[in-house]
Amino acid sequence: MTSVTRRLVHMVMTGRSGRPRRGLSAAELAVTRHLLVHGPATRQDLGDHLNISYASTSRLARALVDGGMASEALEPETAIGRPRQVLTAVPGARHVVGCKLTGDTAFGVVCDMFGEVKATARAALPEPAEGTVPPAGAAKVVAQLAGKLARRVPTLDGIAVSVGGVVADRTIVREGTFLGWRDVDLATPIEQRTGLPVIVTNDVAALAREQLWFGAGRTHSTFGVVTVGAGLGFAAVREGIAAEQLIDNGHLLAHAPIDPRGPRCRLGHRGCVSAYLNREDMRGSAPEGAPGPATSAGLAEAGRVASAGLAEAGRVASAGLAEAGPVASAGLAEASPVTFAGLAEASRAGNERAGRQLTAAARALGHLVATVAGALQTTCVVLAGEDVAALAAAPAMRQTIDDRLRPGPYEVQRCALEIVTTPLTFTDWARGAAVAGIQHVLGGV
Ligand SMILES: [Zn+2]
């Protein structure tokens with residue numbers, strides 16, 4: 001990079017680029033969104049899809065081409081009729097950094113308008129002090145990460161940060177689940193450091209926005225997102241609009257009852273969704289009704305062995321568990337966060353208790369998916385997160401959904417649910433934030 005371009009990057013980063021980016025008008029955004037989501041289109045196609053006149057489409061196309069957002073070229077001549085102008089979005093017209101914060105790391109990506117990842121980077125967050133990651137230090141880490149990623153693209157137009165928890169006004173982290181935050185303004189200090197527009201968003205809401213443009217939203221205007229990983233997460237898209245904030249941080253769904261004889265969650269509900277699917281809840285519970293272990297000392301001892309093995313993808317544990325039986329897997333649930341991949345592996349190695357726990361969790365997820373689909377009135381639910389693959393592979397999930405959909409003897413209406421499973425890496429989560437950021441800098445919501 002030459003010193004001139006380095007200075008330009010710096011100028012853009014600090015907001016003194018001399019190239020003010022204006023947001024798009026509602027109509028321009030509608031056209032751009034169509035081009036990004038559905039690909040190149042003729043003016044006629046755009047007019048038909050967006051219900052705007054040919055004259056308006058032509059004016060919008062010109063404005064977008066002049067603004068560098070789109071390019072227009074003549075379609076190759078066809079046998080009949082005149083060649084038509086085809087409008088295509090310019091991928092590099094905008095770039096946004098997306099950053100996902102976990103409890104200890106900032107995972108960053110920089111994406112173009114199509115959400116294509118151009119570069120990735122990560123940085124450690126400051127050590128927590130009394131259970132709280134210092135917000136000012138975290139803001140500095142994000143700004144530095146954005147600066148690093150900015151050097152990989154011609155210009156940078158904005159930053160979007162996603163966190164698990166409750167976010168208000170796309171600025172304030174009301175409740176940062178893994179960061180120990182309460183009412184932390186994260187956007188302002190990053191804006192001050194970078195001079196760029198910054199939004200902060202819930203991580204699952206950002207994922208829903210990504211899916212809205214580049215995933216399930218291409219074929220479904222209404223869909224739900226359920227994530228299973230470090231915690232349970234939910235998001236909803238209704239008629240093409242992603243809900244920015246949940247009314248309950250997902251509480252109503254996470255604690256919906258599944259089985260009155262089931263294990264308890266940390267809130268004391270017996271057999272609720274969280275008791276089966278939240279790692280933190282599963283830590284202290286083993287499925288009830290299974291042959292029980294004798295003593296708590298034995299449980300703790302077995303737990304240490306089993307959980308250590310599970311942490312290493314169950315290689316040690318699966319053998320040990322098969323011998324130790326129910327004692328070990330109950331202790332395993334007690335001693336460390338359970339991963340469903342670990343349970344699946346132990347189950348495959350012959351541990352029946354692990355198999356039962358996985359089946360019970362898959363059944364709970366099936367009920368959860370059915371409830372989300374029914375309440376949202378959608379035929380599409382996106383399952384995401386590092387733990388969903390093992391759960392979705394267990395037959396109990398599909399069987400539960402099929403049973404919930406099974407019509408009665410005189411019912412004629414049939415419904416089929418499309419379940420999209422996307423195990424996510426932290427880079428994928430960061431990309432979700434970047435796409436939410438792209439929508440923001442384009443002048444959307
Ligand atoms: Zn509960």
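**Confidence**

I began with the predictor's confidence and noted that the protein averages a pLDDT of 85, with 81% of the residues scoring at least 70. Over residues 1–18 the pLDDT is below 50, and I found that this stretch has 18 contacts in the model beyond near neighbours in sequence. I also marked residues 286–335, where pLDDT stays under 50 and for which the model has 94 contacts beyond four places in sequence. I keep in mind throughout that this is a predicted model.

**Overall make-up**

I then looked up the secondary structure, which comes to 18 helices and 16 strands. Of the 445 residues of the protein, 46% count as buried. Among contacts between residues at least 6 apart in sequence, I noted that 64% join residues at least 24 apart.

**Helix α2**

I checked the length of helix α2, residues 26–38: at 1.5 Å a residue its 13 residues should span 18 Å, and its end C-alpha atoms are 18 Å apart, which agrees. Which residues of α2 are buried? I listed Glu-28, Val-31, Thr-32, Leu-35 and Leu-36. They cover an arc of only 130° around the axis, so they sit on the same side of α2. When I asked what covers these buried residues, I found that the cover includes β1 (41–42), α3 (43–50), α4 (54–66), β2 (70–74), β3 (85–89) and α7 (203–214). Just after α2, I noted that Gly-39 takes a positive phi of about 90°.

**Helix α7**

At 1.5 Å a residue, the 12 residues of α7 should span 16 Å, and its end C-alpha atoms are 16 Å apart, which agrees. I recorded α7 as mostly covered, with 11 of its 12 residues buried; among them are Asp-203, Arg-209, Glu-210 and Gln-211, as well as Val-204, Leu-207 and Trp-213.

In soluble globular proteins, nonpolar side chains tend to be buried together. With that in mind I turned to the largest nonpolar core, which has 116 residues, and of these Cys-99, Val-142 and Leu-391 touch the most other members. Helix α15 (residues 352–376) gives the most to this core, with 11 residues.

**Arg-152**

Where does Arg-152 lie? I placed Arg-152 in the loop between α5 (135–150) and β7 (158–163). I counted Arg-152 as partly exposed because 16 other C-beta atoms lie within 10 Å, whereas a buried residue would need 20 or more. Leaving aside its neighbours within four places in sequence, Arg-152 is in contact with Val-110, Lys-118 and Ala-119. For Ala-119 I also looked up the separation: its C-alpha atom and that of Arg-152 are 6.6 Å apart, although the two residues are 33 residues apart along the chain.

**An open sheet**

Last, I traced an open sheet of 5 strands, in the order β14-β13-β12-β15-β16, with mixed pairing. The edge strands are β14 (241–242) and β16 (418–422), each of which pairs on one side only. Within this sheet I looked at strand β12 (residues 223–228) and strand β13 (residues 232–238), which pair in the antiparallel sense over 6 bridges. As one of the partners across this pairing, I noted Gly-233 in β13, the bridge partner of Thr-227.

Terms used. Residues are numbered from 1 along each chain as its sequence is written. This is a predicted model: local features need pLDDT of at least 70, side-chain atom pairs count only at pLDDT 80 or more; totals for chains, interfaces and linings use all residues. Helices (H or I, at least four residues) and strands (E, at least two) are DSSP runs, numbered from the N terminus. The expected span of a helix is 1.5 Å times one less than its number of residues. The arc is that of the directions from the helix axis to the C-beta atoms. Two residues are in contact if their C-beta atoms, placed from the backbone, lie within 7 Å. A nonpolar core is a set of buried Ala, Val, Leu, Ile, Met, Phe, Trp, Tyr and Cys residues joined through C-beta atoms within 7 Å. pLDDT is the predictor's confidence in each residue, from 0 to 100. Two strands pair if DSSP finds at least two bridges between them.
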